[in-house]
Amino acid sequence: MLASRAVPGLAKALDSHHVLSPVLQTLVTHNQRPRRRRHLQTQSPSSTGQADRHNWHLDAAVAFDIDGVLVRGKRALEEGRRALRMLSGDNALSKRIPFVLMTNGGGVSEAAKAADISRMLDVEIDASQVVLSHSPMQALAARYSNDHVLIVGGVGHRCADIARAYGFCNVSTPNDVVAWRPSAWPFMRPPEERQLSDPNCKRNYTRDPFRAVLVLHDSFDFGRDLQIVTDVLRSRDATLGAEFINKQSVPLYLSNSDLIFSNDYPLPRFAQGAFHVCLRAMWDALTCGAPLEHTRFGKPFTVQYDFAERLLDQLALRAVPSVDVVQLQNRRRVYAIGDNPAADIAGANGAGWTSVLVRTGVFNGEPGTNDPANPATMVVDHVEDAVSWIIATELERMEQNTEEAPASAV
């Protein structure tokens, strides 16, 4: 295992036994008393731009993973509540720091996820602060707006509803296919009308070819979904009931490659990436090794971080409308806090962000260790320590900038 790597000058910010240094202890003392619920990041800017500028520290931003960082399953972590309060201005900077929630979870709308996390953490999170695994996939709607697409994953027709909200106007789900012809997957009861994406739509899939397959969330029936997805991908013209041609007929888009995730079960569980492994294995066996091309979204892929950066730009403009976004992008340091080295840390490192790994989820290395394959900039016990370290780092940056200002002016 590798030792934790810290930003220069703060290597001793956290010791290997998780004892806060005096600096960090000072930073978090304000967070020990109860606070009333507040709207953290989405308050409307005040009427005076200069006042807004003094209320915000825009040279930094934070991207939180959710599961294993702020919550575990349906249980909120107290450290998460305190960490978010710190970013709302309850810190040694006395300034608010923009943040987004960036998860490989999905299967709900951004607004629903924001409401759920707001309830769990007793804060107000806006939909504009949420990046789900499938959030950037809404850009595909410009290409497939009226084309027939297969939407896979999630509970019932929820992902179909999300796809329509993104702008996909012509969608079907595996349940819709089984309702049309139950023998397409005979190992389940035919779906009821309430489980269909559109009970009023009576399709004949032998005459209604697909143009793409989009996996928006975890499969809730691996067997059914593997069958229907492989049927679409290897049928001539992506038409169900047509002959199999054993080569890919339409594009495949995947929203989350995580093999495992953390919830309130004591050991990690299979995530959507496990479905991808099964799909590739089935495809290879059925087509004798024909290539299966696919486009992946979610962490650790660049598209996810580009999308999050755009949200952070928008949050900065809402906070300080007069801010020069181009200049801000050049000086802003984005910190990513996550528990999964293969997703959260690898993606943050690849995006040029500062990565902070916590031990409350997938990663459970001993104090003083780091992930050997995807080492983080800093490793801490939990998210409150992570935000404390970020505040301390930003204080040091501000001091350095103040010292360098006179020299640069000469």
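I take a residue as buried when its relative accessible area is under 20%. The model I consulted is a predicted one.

**Entry 1: strand S1.** I looked up S1, residues 60-64, and found that five of its five residues are buried. I then noted the directions of its side chains: Ala60, Val62 and Phe64 point one way, while Ala61 and Ala63 point the other way, and all are buried.

**Entry 2: partners of S1.** I asked which strands pair with S1. Strand S13, residues 333-338, pairs with S1 in the parallel sense over five bridges; within S13, Val334 is the bridge partner of Ala61. Strand S4, residues 99-102, also pairs with S1 in the parallel sense, over three bridges. There I found Phe99 opposite Val62.

**Entry 3: helix H10.** I checked the length of H10, residues 302-319. At 1.5 Å a residue, its 18 residues should span 26 Å, and the end C-alpha atoms are 26 Å apart, which agrees. I also listed its buried residues, among them Tyr305, Phe307, Leu311, Leu312, Asp313 and Leu315.

**Entry 4: the largest pocket.** I recorded a volume of about 850 Å³ for the largest pocket. Its lining comprises 39 residues, and Asp67, Gly105, His217, Asp218 and Phe261 lie nearest its centre. The elements giving two or more residues to this lining are helix H4 (110-121), strand S10 (260-261) and helix H9 (272-287). H4 gives the most, with five residues. By kind, I noted 14 nonpolar, 14 polar and 11 charged residues in the lining of the largest pocket.

Methods: Residues are numbered from 1 along each chain as its sequence is written. This is a predicted model: local features need pLDDT of at least 70, side-chain atom pairs count only at pLDDT 80 or more; totals for chains, interfaces and linings use all residues. Side-chain values use heavy atoms; hydrogens and water are left out. Helices (H or I, at least four residues) and strands (E, at least two) are DSSP runs, numbered from the N terminus. The expected span of a helix is 1.5 Å times one less than its number of residues. Buried means under 20% relative accessible area, exposed over 50%, partly exposed in between (1.4 Å probe, protein chains only). Two strands pair if DSSP finds at least two bridges between them. On a 1 Å grid over the protein atoms alone, a cavity is a set of points where a 1.4 Å probe fits but cannot get out, and a pocket is an open set with protein on both sides within 12 Å along at least five of seven lines; lining residues have an atom within 4 Å of a point. Grid points are joined across faces, edges and corners, and a volume is the space filled by probe spheres set on the points. Ala, Val, Leu, Ile, Met, Phe, Trp, Tyr, Cys and Pro count as nonpolar, Asp, Glu, Lys and Arg as charged, and the others, Gly among them, as polar.
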